[in-house]
Amino acid sequence: MHENNIETNESLWYPPGGILIWMIVLVEVLTFSLGIGSLLYDKSKDLNTFTFMQSHLNKTFAFWNTVFLLTSGFCIATAVYYRTKNNIKFFTILLSASILFGFAFLFLKFYEFREKWALGFGLETSQFFSYYWLLTGFHYLHVVVGVIILFIIYLGRKTISVDNLEAGAVFWHMCDLIWLLLYPALYLIQ
């Protein structure tokens, strides 16, 4: 038990949020890394086609989505800090901001998806767009789950344990990390 009645596990070997969430993070990061590795390998075999297809992506949207996710990640990390200090007011404000930036990512990404679909760039358009839809679509689902987790945290904000809060924050940071791998692989690397 930590001061101010906030539960925490102080063990040196116990990771924030618990071992299970870190196992999930490891599996998810490995899965996305394999997908990105496959994308880069196939791109190296047909660079001109991949680069041409990549030119149809909206780099401005991707940049702003990166800003939204990283800002949201900063907000949840700072919210965890304020929760450990038992400052519910700042915890709630930062948690709310994290959720809003998560929604901003989802909204802009959905708009990008709709734009690509309307232009005829579907899953079967090319090998590049198969990777685009599978990788970004799978990441989008992770962000949806992450926003739901953040909202559940919001609903229990006055009674949530630090361990459960940290588990939710770790999942959210995993979404950040995966996006930081996808963003350059899909949008930037020529």
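**Salt bridges in close-up**

Three salt bridges are found in this structure, which is a predicted model. Each is shown in its own view below.

View 1. Lys45 pairs with Asp42 in a salt bridge, and at the closest approach of the two partners the N and O atoms are 3.8 Å apart. That distance counts because a salt bridge requires the nitrogen to be within 4 Å of the carboxyl oxygen. The two residues belong to helix H1, which covers residues 19–45, and because they are three residues apart in this helix, about one helical turn separates Lys45 from Asp42. Lys45 is exposed, with a relative accessibility of 56%, whereas Asp42 is buried, its relative accessible area being 10%.

**View 2. The salt bridge between Glu112 and Lys109 in helix H4.** Here Glu112 forms a salt bridge with Lys109, and the closest N and O atoms are 2.8 Å apart. Helix H4, made of residues 88–118, contains both partners, and they sit three residues apart along the helix, which is about one turn. Glu112 and Lys109 are both buried.

**View 3. The salt bridge between Glu115 and Lys116.** In this view Glu115 is joined to Lys116 by a salt bridge whose closest N and O atoms are 3.0 Å apart. Glu115 has a relative accessible area of 26% and is therefore partly exposed, while Lys116, at 1% relative accessibility, is counted as buried, because buried means under 20% relative accessible area.

Key:
Residues numbered from 1 in each chain as written. Predicted model: local features only at pLDDT ≥ 70, side-chain atom pairs only at ≥ 80, totals over all residues. Heavy atoms only, no water. Salt bridge = Lys/Arg side-chain N within 4 Å of Asp/Glu carboxyl O. Helix = DSSP H or I, 4+ residues; strand = E, 2+ residues; numbered from the N terminus. Buried < 20%, exposed > 50% of the residue type's maximum accessible area, 1.4 Å probe, protein only.
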